Amino acid sequence: MSNIDSINKEERRFKVSKDFSENAYYKSEEQYNKLYKESIDSPDTFWPVVANKLSWNKSWTDVFVWDDYDQKKFTWFKNGKLNACYNCLDRHLETKGDQLAFIWQGEKENEVKKYTYKELHKEVCRFANVLKKKGLKKGDRVSIYLPMIPELLISMLACARLGIIHTVVFAGFSVESLIDRIKSSESKMLITCDGGYRNGKTLHFKKKIDEVLETHIASLISIIVVNRVNDDSVILNKDIETYWSNEVFSDDISDICDFEIMDSSDPLFLLYTSGTTGKPKGILHSTGGYLTHVFYSFRVIFDYKPQEVFWCTADIGWITGHSYLVYGPLSNGATTIMFEGVPTYPEPDRFWKIVEKFKVNLFYTAPTVIRSLQKQGDDFPNRCDLSSLRVLGSVGEPINPEAWLWYYEVIGKKRCPIVDTWWQTESGGFLLCPFPGAHVLKPGSASKPFFGVVPEILKEDGSRADVNEGGNLVIKKPWPGMMQTVFKDHERYLKTYWPDNKVYFSGDGAKVDQDGDFFLLGRIDDVINVSGHRLGTAEIEATLASDLRVSEAAVVPFSHEIKGQGIYAFVVMNDDQEISPELVNDLRGYVAKKVGPIAKPDKIQFSTSLPKTRSGKIMRRILKAIAEGKEDVGNTTTLVNPEIVDVLKAERV
Ligand code: WT7
């Protein structure tokens with residue numbers, strides 16, 4: 001690709017209080033610089049200090065080795081032995097056995113479950129014994145298709161205890177996606193449920209389970225059904241299906257279960273993620289490197305202190321939930337919260353009420369959530385006590401400065417640093433993020449590299465981009481949490497991530513400013529080329545969203561006779577806004593002013609919402625097809641709001 005011309009400049013700066021910095025793990029930029037340098041120049045001395053904070057059954061012989069450079073196969077903590085479940089539970093029993101490990105808040109306000117480390121350990125051991133009884137063993141795969149209920153976390157840790165590779169399938173995915181993933185991973189077991197609760201409604205899963213049963217899946221020998229809604233119409237197929245409660249409370253199931261001693265390079269889990277082609281990739285993560293990365297990044301980036309309560313609002317069906325709801329907080333002995341419901345039910349203050357109720361200290365959510373709650377007005381957060389909050393996090397997409405400022409001022413009351421964490425399913429843990437006690441924060445910047453991460457911005461010809469010049473964000477060497485391969489498709493791993501066989505291609509565009517701060521510019525495939533100038537869509541979107549009347553915007557290219565590509569903007573206005581031709585001119589002028597005339601949208605289409613996946617990502621593929629005037633916009637089954645597609649098609653400008 002050629003260079004992305006980046007015109008926006010963010011001038012605002014925020015620094016945490018002296019008190020915060022003095023008590024943080026990393027207190028100054030100098031201290032960060034020194035340790036960052038050590039993590040790159042002498043990983044052999046840096047990483048052992050970090051990894052030794054975990055419990056190993058046998059120490060490693062080498063910190064990092066390339067097993068096969070051409071094939072991009074490597075091992076972190078070679079020959080080291082450990083168990084991830086042991087590190088998340090057993091090792092805390094002596095000192096934190098009676099501390100809360102896990103708080104589950106059901107969608108219904110009065111439905112709460114609290115587990116101390118001792119209690120969670122017992123539940124996990126019991127379910128691990130069920131897995132054993134069903135004949136599952138180290139290296140087998142288990143698919144987990146559950147909404148946000150405790151059994152999801154319990155079954156993941158039970159798998160980890162026995163060295164079974166879990167593959168969690170987001171419960172919002174269709175049953176076809178589930179079947180594909182069970183087949184692709186050759187899972188022997190499926191853990192699912194009879195239903196769930198969402199937005200005040202009861203969801204029934206029976207049809208989904210029946211469809212799995214009707215499909216012949218050779219590997220699948222058992223299905224465990226969590227009886228969540230106690231749906232009478234569910235009749236189990238006794239040959240293969242049993243209820244969770246019948247299994248776990250069976251007399252022959254003990255509270256004690258030995259853990260498997262795993263090699264550092266043994267896989268911990270598999271998680272499917274969509275790529276640029278239709279077929280999802282099974283991202284395979286290791287045990288030792290992954291756990292070290294999420295353990296330490298959770299600790300120092302959220303600045304976690306003993307006894308603190310952490311809430312990650314992501315669904316465990318995504319990597320964020322794996323790394324920073326389960327493995328990161330529990331390996332640190334933190335109290336982690338899981339919430340079954342949505343931010344706006346029964347009212348748009350639900351998140352803030354939960355923060356108040358459990359005195360949440362560290363809070364981690366996504367820009368899409370922040371924008372949608374910002375749109376609801378300040379009264380909702382203002383009527384809750386948010387004084388327990390200490391650090392706020394953001395993940396999933398570039399956060400536009402207006403949402404950042406609202407989060408900072410209205411939620412964090414200008415006290416709490418915001419850690420904008422850039423990373424990916426493939427990366428396991430954070431790659432770029434501020435160290436909150438050390439770095440000056442800039443709205444919309446993911447700041448600096450995490451330890452061991454060597455990012456670089458490359459232009460299309462492979463040369464390094466200049467300061468403030470956009471390009472491909474690549475990583476020059478493996479970091480501990482890095483994926484091992486695409487499950488059963490190593491070729492695809494090499495082709496997708498190591499196209500030049502030298503550096504890891506993230507697929508994102510970014511620029512680095514004069515202070516070495518990184519700004520993400522959106523996916524490379526979301527880049528627009530206008531008259532030979534490449535513009536990051538994220539930048540134009542953030543500019544549109546910074547107009548106070550705009551709620552949200554998505555920008556895609558469309559074929560343009562003269563310029564090559566034109567800019568098509570889909571814009572959602574705040575509820576009270578009137579749509580008029582003046583408004584179109586206004587917004588175009590605004591972008592021209594803020595970003596530059598080159599970035600002025602050629603077309604603006606207003607809408608009440610944008611097509612989104614269940615994880616909140618805007619489906620640009622569909623918007624591109626609409627902008628191109630196509631009748632067939634492709635598959636819409638993974639959308640939360642497929643009905644918007646026809647409206648957008650009909651109102652195309
Ligand atoms: C892609 C990875 C990693 C957890 C959730 C998504 C985008 C993620 C940020 C951020 C700008 C971000 C990137 C990345 N992304 N976090 N803080 N700023 N962009 O995981 O589904 O694997 O998606 O999400 O484009 O490549 P994922």
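The legends below describe close-up views of a predicted model.

**View 1. Division of the chain into domains.** Between the C-alpha centres of domain 1 and domain 3 the separation is 28 Å.

**View 2. The interface between domain 1 and domain 3.** Contacts across this boundary involve 13 residues of domain 1 and 18 residues of domain 3. About 1100 Å² is buried between the two domains, with carbon and sulfur atoms giving 53% of this area. On the domain 1 side, the residues that lose the most area to domain 3 are Lys 375, Glu 402 and Leu 521, which together account for 41% of what that side buries.

**View 3. Polar and charged pairs between domain 1 and domain 3.** Two salt bridges are counted between these domains, along with three residue pairs in polar contact. In the salt bridge between Arg 371 and Glu 552, the closest N and O atoms are 3.2 Å apart. On the side of domain 1 that touches domain 3, at least two residues each are supplied by helix 14 (367-375), helix 16 (401-411) and strand 27 (518-523). By residue class, this side of domain 1 consists of four nonpolar, four polar and five charged residues.

**View 4. Surroundings of the ligand.** The ligand is surrounded by 16 residues, of which the closest are Asp 420, Thr 421, Thr 425, Asp 508 and Arg 523. Asp 508 places a polar side-chain atom 2.8 Å from an oxygen atom of the ligand. Backbone atoms also take part in the polar pairs listed here. For Gly 396, a backbone N or O atom is 3.0 Å from a nitrogen atom of the ligand. For Glu 397, a polar backbone atom is 3.3 Å from a nitrogen atom of the ligand.

**View 5. The salt bridge between Glu 109 and Lys 357.** The structure holds 41 salt bridges, one of which joins Glu 109 to Lys 357, with the closest N and O atoms 3.0 Å apart. Glu 109 belongs to the loop between strand 4 (100-105) and strand 5 (112-116), whereas Lys 357 belongs to helix 13 (residues 350-358); the pair therefore ties together parts that are 248 residues apart in sequence.

**View 6. The cis peptide bond between Tyr 345 and Pro 346.** Omega of this bond is about -5°. Pro 346 is located in the loop between strand 17 (335-339) and helix 13. Most peptide bonds are trans.

**View 7. The backbone at Lys 413.** Lys 413 is a residue other than glycine with a positive phi, near 50°. Most residues other than glycine have a negative phi. The loop that holds Lys 413 runs between helix 16 and strand 20 (418-421).

Technical notes: Residues numbered from 1 in each chain as written. Predicted model: local features only at pLDDT ≥ 70, side-chain atom pairs only at ≥ 80, totals over all residues. Heavy atoms only, no water. Domains from an automatic or database assignment. Contact = heavy atoms within 4.5 Å. Buried area = accessible area lost by both parts, 1.4 Å probe. Salt bridge = Lys/Arg side-chain N within 4 Å of Asp/Glu carboxyl O. Polar contact = N/O pair within 3.5 Å; in protein donor to acceptor, adjacent residues only side chain to side chain. Helix = DSSP H or I, 4+ residues; strand = E, 2+ residues; numbered from the N terminus. Nonpolar A, V, L, I, M, F, W, Y, C, P; charged D, E, K, R; others polar. Near = heavy atom within 4 Å.
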